Amino acid sequence: MFVSLWGFLYSNYFRFWLKWILRLLTRKCELQRIFDGSKEGARRTLSVEHSLDSSKNKVLRNAVHVNKAEVEKCVRNVMKEKKIEQKNTGFKTNLHICLLQISGYKKLYLNVESLRKVPYDSDNEEHEEQLIELWNLLMPHENLKARITKQWCDIGFQGDDPKTDFRGMGMLGLVNLVYFSKHYTNEARQVLSHSNHPKLGYSYAIVGINLTEMAYSLLKNGALKSHLYNMVSGLPQMEHFHQFYCYLVSEFDKFWFEEEPESIMHFNQYREKFHEKIKGLLLDYDVILTLKDTKKP
């Protein structure tokens, strides 16, 4: 109750007067103070995002909703509103980068959500090609005997036709699995090998799709902002989301074997524990969670 009341009073009253006093003392607006007091990355961009979103000025509030094409014009408008000279290239460059990151994050979420909503279609040749590619990347020395076969269980699908396992995450789940196998082939095959452990084994593909849902939810609720703002000085792309997914798969495999669960029946319990661990890491303003690229075997 007290925390909520304080938040309301600060946002609606105290913050305005604090900004006014600081402006008198420093002769700089809040955005200028942010740029002077923090280096490029998540800490700066998150502070800029909060400052703009909390502003009583409509031009500044709208700045967090512009798209890539509108960023340059928006920067000029903000500088005009804050009475900052257009020749101040430092301020202009810093704000431009921050707005690209903010708009890029929103656009990335829309792209990821769009792919998630695409259902796997066995009549779609591209979908089928990606599924076969996944098999070939993970099992290069074993040919599929048929499109519908129990062999799919060897890479962690539940039955003889993987299409039913993609219902929750759609094509996003498959694209993530293929990306990991293509760009981190050694790691993917190693994780697959671990998943076949006689005591601590798990279903590789099913867990992979589950981790797609985790990555998606972290993106959706904004938890990936620090990671992406630190990783990309500009527009985050779909590839950056895939790279974070690869990190999750690799780290979950390590986590699973470190924890040594009694049974796969406890998967949800350990999955949630891993989820909390990742959320904790993402609270660090300086966080970057990725794997390094490796050569294919």
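I began with the neighbours of Arg271: it touches Asn210, Glu213, Met214 and Phe252, leaving aside residues up to four places away in sequence. Touching, or contact, means heavy atoms within 4.5 Å.

I noted that this is a predicted model, where local features need pLDDT of at least 70, side-chain atom pairs count only at pLDDT 80 or more, and totals for chains, interfaces and linings use all residues. Residues are numbered from 1 along each chain as its sequence is written, and side-chain values use heavy atoms, with hydrogens and water left out.

I placed Arg271 in helix 13 (residues 267-282); helices here are DSSP runs of H or I, at least four residues, numbered from the N terminus. I then found a polar contact of 2.6 Å between the side chains of Arg271 and Glu213. Such a contact is a pair of N or O atoms within 3.5 Å, one able to donate a hydrogen and the other to accept it.

Is Arg271 buried or exposed? I read a relative accessible area of 11%, so Arg271 is buried (under 20%, with exposed over 50% and partly exposed in between, using a 1.4 Å probe and protein chains only).

Next I looked at helix 8 (residues 170-183). Twelve of its 14 residues are buried, among them Gly170, Leu174 and Tyr179. Their cover includes helix 6 (89-116) and helix 10 (204-220).

Last, I checked the cysteines. Cys74 is buried at 7%, and Cys246 is buried at 0%. I counted zero disulfides, taking a disulfide as a pair of cysteine sulfur atoms within 2.5 Å.

Methods
Helix = DSSP H or I, 4+ residues; strand = E, 2+ residues; numbered from the N terminus. Expected span 1.5 Å × (residues − 1).
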